[in-house]
There are 2 protein chains.
Amino acid sequence: MEKKIYTPGILQYIPFFYVIWSDDLVSASEVNVVERAIEKDTSLSDMEKVLLNSWLQVKNPPKNEEFKNWKQTISNSGIKLLEGETYPLTTFSQKVVCHYHETCPFNEHLKNIEVNLGIQPNHYNHLFEVEVEHIASANTYVAEELSVILKGKHAQVIDRFQEFIQHSLFDWDVHRQKEDFREVVLEQVKFLAENGYGAMAYPSAYGGTGDMEGYATIFENLMYVDGSLTIKFGVQFGLFGGSIQKLGTKYHHDTYLTDAGKATLLGCFAMTETGHGSNVRGIKTTATYRKEDDSLIINTPGENDNKEYIGNALHSKIASVFAQLIVDGKNEGVHAILVPLRNEKHELLPGIRIEDNGYKLGLNGVDNGKIWFNQVKVPRENLLNKYGKITDDGVYYSEIENPNKRFFTMLGTLVGGRICVARAGLGGAKMALTIAVKHALKRRQFNDSIKIQEDLLMDYPTHQLRLTPLVASAYVYNATLDKMMEIYCDESQPDKRKVETQVAGLKSIITWYANTTIQECREACGGKGYLLENRIADLKGDVDIFTTFEGDNNVLLQLAAKGVLSDFKSEFNSAGFSSVLKLLSQQLSDKLATVNPIYSNKVDTEHLYNPKFHKHAFDYRTRRLTYTLAMRIRDYIKKGVPSYQAFLKVQTHLLALGKAYSIELAYNTYLQFTENIQDEKHRALFQKLGTLFALYEIRKDASWYLEQGYIGGTKSKAIRQRVERLCTELRPHIHVLVDGFGIPDNCLTAPIAN
Amino acid sequence: MEKKIYTPGILQYIPFFYVIWSDDLVSASEVNVVERAIEKDTSLSDMEKVLLNSWLQVKNPPKNEEFKNWKQTISNSGIKLLEGETYPLTTFSQKVVCHYHETCPFNEHLKNIEVNLGIQPNHYNHLFEVEVEHIASANTYVAEELSVILKGKHAQVIDRFQEFIQHSLFDWDVHRQKEDFREVVLEQVKFLAENGYGAMAYPSAYGGTGDMEGYATIFENLMYVDGSLTIKFGVQFGLFGGSIQKLGTKYHHDTYLTDAGKATLLGCFAMTETGHGSNVRGIKTTATYRKEDDSLIINTPGENDNKEYIGNALHSKIASVFAQLIVDGKNEGVHAILVPLRNEKHELLPGIRIEDNGYKLGLNGVDNGKIWFNQVKVPRENLLNKYGKITDDGVYYSEIENPNKRFFTMLGTLVGGRICVARAGLGGAKMALTIAVKHALKRRQFNDSIKIQEDLLMDYPTHQLRLTPLVASAYVYNATLDKMMEIYCDESQPDKRKVETQVAGLKSIITWYANTTIQECREACGGKGYLLENRIADLKGDVDIFTTFEGDNNVLLQLAAKGVLSDFKSEFNSAGFSSVLKLLSQQLSDKLATVNPIYSNKVDTEHLYNPKFHKHAFDYRTRRLTYTLAMRIRDYIKKGVPSYQAFLKVQTHLLALGKAYSIELAYNTYLQFTENIQDEKHRALFQKLGTLFALYEIRKDASWYLEQGYIGGTKSKAIRQRVERLCTELRPHIHVLVDGFGIPDNCLTAPIAN
């Protein structure tokens, strides 16, 4: 067969054309990029331009024969593909031209095609029959720089803490016996306290720096050491100490807070009861005020009304006990009271019974226990009385008259804890992802021949698809949780109801995300992921319960959804409700006006990658779900169904709204965050992660969007393909992306990650 | 306000109308059922019929005022709703009529409405303001009878085995130290062997009963005792013993099989290597034939080429080692060789190195280890030589000339093991479901008032939705795996390739299902599910790895998909492939002919509940995915992309096809199974479970069906609603359904299940 010789002008484009036509994704916008490059390329003659353009007809693609000619021309050049080049395809093309012709300048127009189409070596390195010099990772970005962006204003706190946890006391080890494990964790907690980390969020008068935001970031970092440590730390300083700080007044602060922060006074947070998991308002423990000796009598009425799953229960000297406060025969609702549990010899005080909860799926370094109170007497001042007190005359008084509002105000102080739990889950997910990605960049498997080197696991499309969106999500949630904590800590915004709704939703989706991620990483590491030494197994066991504690996710999502509804000031009576519906309907039709057949089948890259599309899609979903939910509830109520039952009937709808709202919130928060990134190079990468997150999430709920007619079948498929494509595009940077999480080397003990 | 009095004829229908219009799901077919009943009801006057029919206009529903009248009439009657009645709504209606009028006969037409619409007390018990006498479960079905149907022909084997495992040696306990745990499990394995269960699948000459199918069912039952026991049992008798039985010849059977079955010879199955997890063909261990002393030299070439994760490695005396067999300098491919590991004193033999794999996420009662061989010599007869032997002249000979085919024939013997792993996963899922459902039938949570009794967890729609489809799936997979094992064991069908493909897919979807289910149950039980004593935690840790061992699920699904493709006799050359495509295209257009706008928006109950619809939907999906996959591969190959790379590019497509094919297979197998159930009452229940499974699976992939235009938005929503509705309809039977799994009481030690 005669070898077809191309002119240098044509030849330089051939590797690009070959790649573009080999791929699944020659879209109109991609053709545009190439057309524009050709038009501007002054090195080409008009004839050459005509020929090149003739090969760009999507409806009339080049013939297979032409295609084979291209391939042969490239192969015959014998040029080696170097993946490590800055512009590998452009450089490769240049060299091919050099082989056949005398001159071969570097062509900026080709470089632009390579950059704008996001063509990566792993798109094409198998297409030419040429020798390839592989690289596992590109060096476009530096992990340290990504990490600095993620850490933001907390960089100093985090850096200092990461240095601190290099102490050998934090070395990872297997602890199978709960007693031993608990001792180790207790030592670690005390050591952290001695170094000021316990009191961090407390005012400086009590040994702290008042840095609740910084506290949240170190909380996440603790996960890199151990899950049990993280939780025990959170119980002692966040829940127990936090209840004194937030629900107590000066007397309590002065008496207890410094010792709590130093861990010289160990305490627990006794809220949940066996019989009433998520229903705090229904707890049965009572605290009855006895006027004759100005005391409170704490009592567990039934065997099943004990405090359940209380962390630190076996080590504690004292507990913040949540109980129905009864004053002068009247139940004033749930309040917290400090109840001593043990004496200095660590013997149980009279009337207190505590049992070990025993072994758990994870967190066996945390001493969870059950607590019963049998008519235990404590002085009146032990009532944490910021929101409700008993006066010297023995009369109950609260500035918040509505008992409902009072209850939720007290519970609102738990919101910080929920952010921390989400952060800890995120930390677990980051750790698992780092291990799984590093493993996938070393591990080779299969190939078409046993003679040549097997492929890296990370080069499998399925592997990219299973890990990359999860890495992108970690970036999104990181920025979101930072922002949430900032808002929560903003003293100028005293009304925390909105942030409560938001945190309820975010805690749910992020802890679920963390579990899914860790599981995916376990499977992605195969049997190796199952070994304790590789750390993912422990993460799995520990993080699992995050979906349940500090508020069961399903309950919290319903809370979030109800918050969204009440954002529209709905009181579910017909008058107020009608106006809500009218408002919702109006907003929705404004939105819908933009959704037409052209929009719902718009599949070009500019559109699909445009944050405006993502924002619109998320906003539409939240509004639509809110509207239809409100309509359904109204219909039930009109028919006389009691409101509680009506909400029960729409439970799955509530969950869907709670999720939709939270995803939207996360994406919008992240988008704002990326807009503040100064240099363009990094902003581009962070925004690409945001795009992947958005399309991945829209894709996950594609059936809903399709049902609504918001997207058509073609667009749905295009989104799926874009998700895959983005994963491939991010493949060269995946190593830097996980290193950018900034997990200290000494915590990455997993042999498969080294 | 004047109370409106209705005639007895009208009045008896009012509770029904009230319920029907209160519900979300008044579909055309539901209206039909009522219309027909009214038409046939001779107790009604023509006038009454007209009035009743006027209240049945979907487009013009009864006014709210009418609705409130109904409600008031019912409430004023003061009649108590007894959920325990056989036809609670009909009986309730009858009593309401009695209250206002003199006569009130039981009306068969109303009964028919109640039955045909599947109206359950939990649809309406909150709607009337009347006193309700709740029941947790209906007694329509008896668990024992469901269990008998599930057990089928294996009833006797299972019953005897369940009695056997009541022995105190099988009592559940916490074992944290792997050494102790392994000893306990070893004792249990030996005890099972002494009682004939180890050899069960072997021929009677070697102590067995040749009952491989029965073996699989007891394998599942072992999960109720402990996961580690199940796996160690499988390693010793299934993998080690099985390799001798299936890959060896008479000499090996006579020498080893009886002892293997009695567990007097402990052995392991050394296939996987650290460097080559799923790529068995690429293993590096060599077995080189040395003619001078007629021996085989087993060797691990590199430090990373050790046998990895080998169960029973610390207790074994001998191993079935998979190695590249080299005879006269030629590599004859992977073969298995029996290699002694330890002497009678349990000391390692020269050249053998074994290391403990250490702690794992679960299965810590199984002694997994790594094994290295340093030029270990064994006699030639240790080669398991059924499919390839070395003759006395030192020449390699196999009846299967094609090395590829030989390799896959040997691996085919693993198929039985994969069925068993899926069964074990299913056992774990059943156990978790039983615990979670029993818990949900005791546990109460929240209500509109703290004064009245809180609702049962199982009465929450979200709870029904999260557990019921998983219960239905367990029934489907149970019947499917029974059938698969029957086919696998059918000696009259020597060609096992088809069943291999099928089992590869089923093992994947069922072990994933098991993990999802156990996780859902953990969360459904809240913090209680996290405690080891409640068993779900261990199940989670143990079953997790099922997705990886005996073939990684992702790898197996691709195997299944390739099997589907090659069912169409495709050799991926253009000639053979074109005809495949033509065939596929033809089949697809036959299918498509039935899909038109009317079909894709058909939402009536008859259609959605009709197995013909489910079969069509599953069949369409498999065919469509096969066709588009074949097209894509052809396009790549036409462009000159090497076949290995082409398959890499379509990896996610392969996975989708693998899943689709397996779901279809499971549903069709189950459907056949239900058709053989003799009595109508039970057949109806089993078929309802099948319907829920089918709609739930179609729903899970709704985005795909919508993209294809196979279903429209309305139909997609209707399917979602039907899934919720079926869960509600099955609510009264959920207790009997989990009891029908037939898990022995002595294994249900979880305190929350008691």
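Which side chains meet in a salt bridge at 3.1 Å, N to O? In this predicted model, they are the side chains of A:E707 and B:R720. Ten salt bridges are found by the rule across the interface of chain B and chain A.

**Extent of the interface**

- Chain B gives 94 residues to the contact, and chain A gives 94 residues.
- About 8200 Å² of area is buried between chain B and chain A, and carbon and sulfur atoms give 49% of that area.
- Within chain B, the residues that lose the most area to chain A are B:R176, B:Y530 and B:E707; together they account for 11% of what that side buries.

**Polar contacts and composition**

- Across the interface of chain B and chain A, the rule finds 36 residue pairs in polar contact, both residues being at pLDDT 80 or more.
- Helix α27 of chain B, residues 702-708, supplies the largest share of the side of chain B that touches chain A, namely six residues.
- Sorted by class, the side of chain B that touches chain A has 31 charged, 33 polar and 30 nonpolar residues.

**Symmetry of the two chains**

- Chain B is superposed on chain A by a rotation of 180° with 0.0 Å of shift along its axis, and the RMSD is 0.1 Å.
- This is the relation of a two-fold axis.
- The same surface serves both copies, since 100% of the contact residues of chain B recur in chain A.
- Of the residues of chain B, B:S703 comes closest to the rotation axis, with its C-alpha at 2.0 Å.

**Domains of chain A**

- The domain assignment of chain A gives domain 1 (8-133), domain 2 (269-408) and domain 3 (417-739).
- A distance of 38 Å separates the C-alpha centres of domain 1 of chain A and domain 3 of chain A.

Definitions and conventions: Residues are numbered from 1 along each chain as its sequence is written. Chains are lettered from A and ligands numbered from 1 in the order in which they are written. This is a predicted model: local features need pLDDT of at least 70, side-chain atom pairs count only at pLDDT 80 or more; totals for chains, interfaces and linings use all residues. Side-chain values use heavy atoms; hydrogens and water are left out. Contact means heavy atoms within 4.5 Å. Buried area is the accessible area (1.4 Å probe) that two parts lose on being put together, summed over both. A salt bridge is a side-chain nitrogen of Lys or Arg within 4 Å of a carboxyl oxygen of Asp or Glu. A polar contact is a pair of N or O atoms within 3.5 Å; within protein, one must be able to donate a hydrogen and the other to accept it, and residues adjacent in sequence count only if both atoms are side-chain atoms. Helices (H or I, at least four residues) and strands (E, at least two) are DSSP runs, numbered from the N terminus. Ala, Val, Leu, Ile, Met, Phe, Trp, Tyr, Cys and Pro count as nonpolar, Asp, Glu, Lys and Arg as charged, and the others, Gly among them, as polar. Copies are superposed by least squares on the C-alpha atoms of residues with pLDDT of at least 70 in both. Domain bounds come from an automatic or database domain assignment.
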